[in-house]
Amino acid sequence: MKHRPAPKAITQGGVALRRLRNDPQVVKWVKRLAADEQAKPTDLSEEQLAYVYEQVLARRGEEFAPSAFEDALRKTTPILAAPDITDWVSDFGAILGQPEMVDFWAQWMGPRPKRGPTAPYAQAKAFLSLVAMSTRGAYGTTAYDDLLNRKDVRELFAEHERLVSSIHGVAADSFSRVAPYSTLMRVKDKLTPPVLSLAMDANIRMVKELAKLYPGRGIGKRLMIDGTSIPAWVPQKAAWSDDPKTKAEMEARLRGRCPRAGFRIYTYKKDGKQTPKKNETIGETLINGTTKKWRGYYLVVIADQATGLALVWTLQDAASMEADAIIPLLSDLYRRWPDIDAELIAGDTAWDEDRWAELCETQYGIHPVFRLHPSTKPMLLPELVPGSKTAAVARLTAKGQIVCRRHGKPIPYETAETPNRDGARPGKYVKGTYRVRGRCSHGPHPCNRIGLAMSVDWSRLTHYPHFSEGAPTRHAMREAMLIRLNGIESLFNRVKSRNLGTAGPDRNRMISFETQQALLSLNLLSMTALALADQRMVAAGTAKAGEAGEAEAA
């Protein structure tokens with residue numbers, strides 16, 4: 001592998017800001033408007049990124065504090081970059097050689113028969129790993145061909161088996177004679193069910209090791225959540241019919257081979273992703289906006305912003321709403337990393353709902369930073385009892401800014417109050433004050449400090465406000481994190497570079513849902529293992545250089 005230096009943080013007020021032509025978020029919009037998933041973000045410097053986003057916000061008519069935004073971009077600069085793969089066999093050895101991967105391999109076991117020979121589980125694990133992790137493509141025949149005909153590949157796994165055997169005292173399976181392809185395809189189905197849980201356990205262990213290598217650099221501090229399409233090897237068709245019975249029969253036929261492969265279609269509009277209306281036909285949907293459609297699954301990931309690596313993930317039916325995945329994902333994350341010091345979680349408009357903002361704030365103490373979409377909720381608050389805490393508030397603006405009743409003007413943001421969660425287990429609702437406060441200084445009789453409970457509108461009344469007046473630093477962090485959310489798109493692009501989740505005839509051909517889930521889990525796990533191997537090599541090289549310097553000085 002070839003080490004890549006971490007991205008450089010921006011410099012204050014750089015002249016290079018004027019040379020920007022694009023930024024990752026704009027490219028993402030272009031990709032959606034053009035309905036072209038092949039469009040990729042250009043590689044931009046942080047200086048260019050800051051300037052373009054300043055211009056984008058200016059065109060939206062939003063207030064903006066460039067210096068605060070540049071500072072927020074500096075604070076959220078990723079601390080490492082994914083290494084380049086130079087020789088996939090040796091790099092594969094570096095992945096498997098990590099202690100956490102050795103433990104994972106030892107725990108990843110198939111059922112043992114009461115009598116008779118044991119199935120070739122080691123070869124099946126090698127087969128699945130080659131499909132998921134290598135750069136050779138996602139076809140099972142290609143992976144099997146490597147295992148059967150390449151001596152260096154067989155020796156790599158045989159050596160790994162001996163290492164696992166010496167550490168964990170388990171029998172090492174032989175790679176001297178590779179089992180038939182049909183046998184490995186049958187045996188793999190017995191190995192796939194436990195992969196998701198074991199892979200996330202090992203993954204979190206490796207991210208914690210990265211946190212030890214980079215103490216105080218924000219690993220686990222800022223989270224991102226997003227999803228991507230995973231087309232299944234089934235006809236990419238929808239069950240469209242005016243007759244409910246006919247539609248149900250068509251859907252059952254289309255799900256015949258893959259029962260959990262649902263159909264999903266949505267349009268890209270300026271307000272975000274929108275699903276078709278109840279009575280809208282597929283033709284009308286195609287006319288009303290740029291459309292993405294597929295039959296298969298949805299991969300939803302919570303990733304760490306500082307490293308760009310996945311933390312926990314889930315695969316679900318594409319017909320189900322991806323936003324619901326935040327519940328099991330946060331539960332999985334805190335079960336495996338209970339002392340994670342997460343401060344915020346960023347996401348797109350799919351998560352901009354009161355229930356998800358409330359969940360993050362009240363049950364986990366994480367501040368939601370979700371991209372705001374136009375709300376249909378009333379902004380005018382009813383007349384309240386004089387003397388009550390909210391009697392001084394007339395309404396909210398579209399961005400959640402409090403308008404005082406006496407003067408009828410928006411007031412600057414001052415603070416957000418949330419209770420202390422000391423001692424409360426993750427996922428437990430903590431009662432207390434959840435309130436956003438502002439300060440009215442309108443003369444001649446200012447209202448002074450007034451506030452409103454977050455429960456009035458969890459998605460608009462947030463710790464990181466949707467406007468900059470009174471809180472330019474917090475607002476800048478919100479905008480910076482919504483830019484950094486593109487980092488999770490890079491993660492998905494790396495998944496699809498292995499032909500996992502790609503569309504068209506080159507998509508992965510495994511039928512089983514558990515196998516698809518296992519392959520994606522192995523792929524995400526390999527990214528973390530490769531990053532950790534790279535950083536450990538860098539740390540070891542630095543240590544050796546330091547020892548040599550001390551010896552020379554002595």
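Q: How big is the second largest cavity here?
A: The second largest cavity has a volume of about 40 Å³, counted as the space filled by probe spheres set on grid points joined across faces, edges and corners. A cavity is a set of points, on a 1 Å grid over the protein atoms alone, where a 1.4 Å probe fits but cannot get out. This is a predicted model, in which local features need pLDDT of at least 70 and side-chain atom pairs 80 or more, while totals for chains, interfaces and linings use all residues. Residues are numbered from 1 along each chain as its sequence is written, and side-chain values use heavy atoms, without hydrogens and water.

Q: What lines that second largest cavity?
A: Its lining (residues with an atom within 4 Å of a point) includes Asp352, Ala357, Trp458, His466 and Arg478. Pro368, Val369 and Phe370 belong to it too.

Q: Which strand gives the most?
A: Strand β7, residues 367-370, with three residues. Strands are DSSP runs of E, at least two residues, and helices are H or I runs of at least four, numbered from the N terminus.

Q: How many cavities turn up in the whole structure?
A: Three of 30 Å³ or more. The largest cavity holds about 50 Å³ of space.

Q: And what's around the largest one?
A: Among the lining residues are Gly400, Ile402, Tyr413, Arg437 and Phe467. Strand β11, residues 435-440, supplies the largest share, three residues.

Q: Which strands does β11 sit with?
A: The open sheet has three strands in the order β10-β11-β12, with antiparallel pairing (at least two DSSP bridges between two strands). β10 (413-417) and β12 (448-453) each have a single partner strand, so one side of each has no neighbour in the sheet.

Q: How many bridges join β10 to β11?
A: Four. In one of them, Thr415 has Arg437 of β11 as its bridge partner. Arg437 also lines the largest cavity.

Q: New topic. How do helices α4 and α8 pack?
A: α4 (residues 88-96) and α8 (residues 151-168) meet at about 10°, with axes 10 Å apart. Axes are lines fitted to C-alpha atoms over the stretch in contact, and angles run from 0 to 180 degrees between N-to-C directions. That makes α4 roughly parallel to α8, a label for angles under 35 degrees.

Q: Which residues make the contact?
A: From α4, Trp88, Val89, Phe92, Gly93 and Leu96. From α8, Asp152, Val153, Leu156, Phe157 and His160. Contact means heavy atoms within 4.5 Å.

Notes: 1 Å grid on protein atoms, 1.4 Å probe; cavity = no way out; pocket = protein on both sides within 12 Å on 5 of 7 lines; lining within 4 Å. Parallel < 35°, antiparallel > 145°, perpendicular 65-115°, else oblique.
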